[in-house]
Amino acid sequence: MSETLITKENSSTLTPRQRKALYKRKSTWAFAVSLIIYAVLAGFAFIHPYFGWDLRIENFVQTISLPGFRELMLFLTLLGNGWTPYLTVIIASIFLRMLKRKPEAFICLVGVSAIATVNQLMKIVIGRPRPSGELVNVFSGVDHHSFPSGHTIFFTVFFGFLLFLTYVFRLRPVYRWILTLLFGGMIALIGLSRVYLGAHWPSDVIGGYIVGSLWLAVMIRVYAYMKLKEQKGTVETID
């Protein structure tokens, strides 16, 4: 009891530098733990085509029959098919560049493009097959491998970065809330969409969310470094 009180008291008297160091240490631990969890999940996915709980969850999700639900799931999936995600990223990057947000445009374009390549490599290495039509309802067949879910990674990284920027830019609260609901909702629903359509197992989606979140954290860290360097360059120029 006394140790808890001392810890709380000490934490409230930390200097800004100490708080920053503590946050950095905690975020590093969170990153490492998430990476380990993903490695374990990927290892099991390499061995097992699917898990028992994968099948139970998928069968349950595919019983959802709300009005317009199927159309919404199909629409979200279309946003991640073919050249659509590449075109979306390019347009977003150009728009950010037009707003004179050079670091944001660079991170958006390079970061999202790079994870697409990493995702393909992970799929090849793990080589997990897609859900079979004999086990679940498959709305459309896909040739390449299943783990992790590429759609989930793309939505988490791309819309997650845009969501991050809504709090970086000085937007009106109402606009920020609208964009938060929009981007956050798309990130949350894409995983459900991939399971509902029989394109992925739930464990594929979980793997996608973990990888996407880890990659997004790296992008944000690089972005913070670029902004700090940009600010230092501005100060040196003024001096």
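Predicted model: local features only at pLDDT ≥ 70, side-chain atom pairs only at ≥ 80, totals over all residues.

Analyst: α4 and α8 are roughly perpendicular to each other.

User: Why are α4 and α8 called roughly perpendicular?

Analyst: α4 and α8 pack at an angle of about 105°. Angles from 65 to 115 degrees count as roughly perpendicular, and α4 and α8 therefore get that name. Their axes are 9 Å apart.

User: Which residues make the contact between α4 and α8?

Analyst: α4 contributes F69, R70, L72, M73, L76 and T77. From α8 come M186, L189, I190, L192, S193, R194 and Y196. By class, this contact has nine nonpolar, two polar and two charged residues.

User: What makes α6 and α7 roughly antiparallel?

Analyst: The angle between α6 and α7 is about 165°, and their axes are 10 Å apart. Angles over 145 degrees count as roughly antiparallel, so α6 is roughly antiparallel to α7. The crossing of α6 past α7 is right-handed.

User: Which residues of α6 and α7 meet?

Analyst: On the α6 side they are E104, I107, C108, V112, I115, N119, M122 and K123. On the α7 side they are G150, I153, F154, V157, F158, F161 and L165. Sorted by class, the contact of α6 with α7 holds eleven nonpolar, two polar and two charged residues.

User: Where is P148, and what is the peptide bond from F147 to P148 like?

Analyst: P148 is in the loop between α6 and α7. The bond from F147 to P148 is cis, with omega near -5°.

User: Is K100 buried or exposed, and how do you know?

Analyst: The relative accessibility of K100 is 74%. Exposed means over 50%, so K100 counts as exposed. K100 is located in the loop between α5 and α6. Its phi is near 65°, which is a positive value in a residue other than glycine.

User: Is D54 buried or exposed, and how do you know?

Analyst: D54 has a relative accessibility of 0%. Buried means under 20%, so D54 counts as buried. D54 belongs to helix α3, residues 52–61. Apart from neighbours within four places in sequence, D54 is in contact with R128, W201, P202 and S203.

User: What does Y38 touch?

Analyst: Not counting residues up to four places away in sequence, Y38 touches M122, I126, F147, P148, G207, I210 and V211.

User: How many helices and strands does the chain have, and how much of the chain is buried?

Analyst: The chain has nine helices and zero strands. Of its 239 residues, 35% count as buried. Among contacts with a separation of 6 or more, 78% are between residues 24 or more positions apart. The C-alpha atoms fill a box of roughly 70 × 55 × 35 Å along the principal axes.

Methods. Residues numbered from 1 in each chain as written. Heavy atoms only, no water. Contact = heavy atoms within 4.5 Å. Axes fitted to C-alpha atoms, helices over the stretch in contact; angles between N-to-C directions. Helix = DSSP H or I, 4+ residues; strand = E, 2+ residues; numbered from the N terminus. Parallel < 35°, antiparallel > 145°, perpendicular 65-115°, else oblique. Nonpolar A, V, L, I, M, F, W, Y, C, P; charged D, E, K, R; others polar. Left-handed = near helix turned anticlockwise from the far one by under 90°. Buried < 20%, exposed > 50% of the residue type's maximum accessible area, 1.4 Å probe, protein only.
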